[in-house]
Amino acid sequence: MRGKAGLVIGLAIGYVLGTRAGRERYEQIKAQWLKVWNLDPVQEQVGKVKDFAKTQAMALPSTLWDAGVKVVKAAGSQGTPGQKLDAAIKVGKDSQDDLGKAAQTSAKAVKDAVDDAVEDATGQGGA
């Protein structure tokens with residue numbers, strides 16, 4: 001909730017300051033931002049983060065697919081319909097933990113990559 005309130009306050013302040021500064025100042029700020037954004041070191045770090053995020057993003061769908069296959073296999077196993085349902089539910093619950101771990105691992109890896117990229121770009125590495 002604190003993050004949302006801060007975002008709303010930040011947007012409101014930006015809006016007020018932006019309307020006071022006018023279009024000309026906005027264009028100056030935008031031009032400066034684009035200069036920084038297009039610097040080679042910044043784009044190099046952006047590329048690293050994008051590449052890493054792509055590889056990490058693929059880990060979650062494969063885990064999701066594996067979980068789906070396990071549930072389908074359990075539902076198609078031998079036994080009464082009730083036993084099949086119970087098996088599918090059990091496998092689904094077990095897979096839930098795997099999916100949660102994969103999501104957390106992917107999110108942490110992407111966050112770490114972004115943090116490393118920011119440290120590299122700003123020269124604040126801990127060496």
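Is Glu-44 buried, partly exposed or exposed, and at what relative accessibility? Glu-44 counts as partly exposed, at 47%. The views below come from a predicted model.

**View 1. Overall fold of the chain.** The secondary structure comprises four helices and zero strands. Along the sequence the pattern reads α-α-α-α. The chain has 127 residues, and 11% of them are buried. It exposes about 10,100 Å², with carbon and sulfur atoms supplying 63% of that area. Take contacts between residues at least 6 apart in sequence: 62% of these join residues at least 24 apart.

**View 2. Salt bridge Glu-44 to Lys-48 in helix H2.** The structure holds two salt bridges, and this view covers one of them. The closest N and O atoms of Glu-44 and Lys-48 lie 3.9 Å apart. The two residues are four apart in helix H2, which means a separation of about one helical turn. Lys-48 is partly exposed, at 43% relative accessible area.

**View 3. Salt bridge Lys-90 to Asp-94 in helix H4.** Here the closest N and O atoms are 3.1 Å apart. Helix H4 spans residues 81–122, and its Lys-90 and Asp-94 are four residues apart, so about one helical turn separates them. Lys-90 is exposed, with a relative accessible area of 54%. Asp-94 is partly exposed, at 39%.

**View 4. Nonpolar surface patch.** Trp-33, Leu-34, Val-36, Trp-37 and Leu-39 make up this patch. Together they have about 480 Å² of accessible area. Leu-39 sits in the loop between helix H1 (2–37) and helix H2 (40–57). Its relative accessible area is 45%, so Leu-39 is partly exposed.

Terms used. Residues numbered from 1 in each chain as written. Predicted model: local features only at pLDDT ≥ 70, side-chain atom pairs only at ≥ 80, totals over all residues. Heavy atoms only, no water. Patch = residues over 30% accessible without salt bridge, like charges linked within 9 Å, V, L, I, M, F, W, Y side chains within 5 Å. Areas by Shrake-Rupley, 256 points an atom, 1.4 Å probe, with all protein chains shown as cover. Salt bridge = Lys/Arg side-chain N within 4 Å of Asp/Glu carboxyl O. Buried < 20%, exposed > 50% of the residue type's maximum accessible area, 1.4 Å probe, protein only. Contact = heavy atoms within 4.5 Å.
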